[in-house]
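This report looks at a nonpolar core and a salt bridge. Please view the structure first.

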Amino acid sequence: MNRWVLAVLCFFFGVLGVHRFVVGKIGTGILYLLTAGLLGIGVLVDFIMILFGSFKNKEGVEIK
């Protein structure tokens, strides 16, 4: 998964947890879906982590 595509998904659909489902983090994706992205704070943290290249997928590999 490309980092920039994931950033766009997080920006537009982050409160639904779409970016978490895409990288295989199903549990936190459901949590984001039920809590509107942890009230937006989780989405903001994830978006910044994606932009700076420190967001990891299910296997622990950083998204490039």
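A nonpolar core is a set of buried Ala, Val, Leu, Ile, Met, Phe, Trp, Tyr and Cys residues joined through side-chain atoms within 4.5 Å. Buried means under 20% relative accessible area, exposed over 50%, and partly exposed in between, using a 1.4 Å probe and protein chains only. The model is predicted, so local features need pLDDT of at least 70 and side-chain atom pairs count only at pLDDT 80 or more, while totals for chains, interfaces and linings use all residues. Residues are numbered from 1 along each chain as its sequence is written, and side-chain values use heavy atoms, with hydrogens and water left out.

The largest nonpolar core has nine residues: L6, A7, C10, V23, Y32, V43, I50, F55 and I63. Helices α1 (3-13) and α4 each give two or more residues to this core, and α1 gives the most, with three. Helices here are DSSP runs of H or I with at least four residues, numbered from the N terminus.

Contact means heavy atoms within 4.5 Å. Leaving aside neighbours within four places in sequence, I50 is in contact with R3, L6, A7, C10, H19 and F55.

A salt bridge is a side-chain nitrogen of Lys or Arg within 4 Å of a carboxyl oxygen of Asp or Glu. The whole structure holds one. It joins the side chains of D46 and R20 (2.9 Å, N to O). Because D46 lies in helix α4 and R20 in helix α2, the pair ties together parts that are 26 residues apart in sequence.

| Residue | Relative accessible area | State |
|---|---|---|
| D46 | 3% | buried |
| R20 | 10% | buried |
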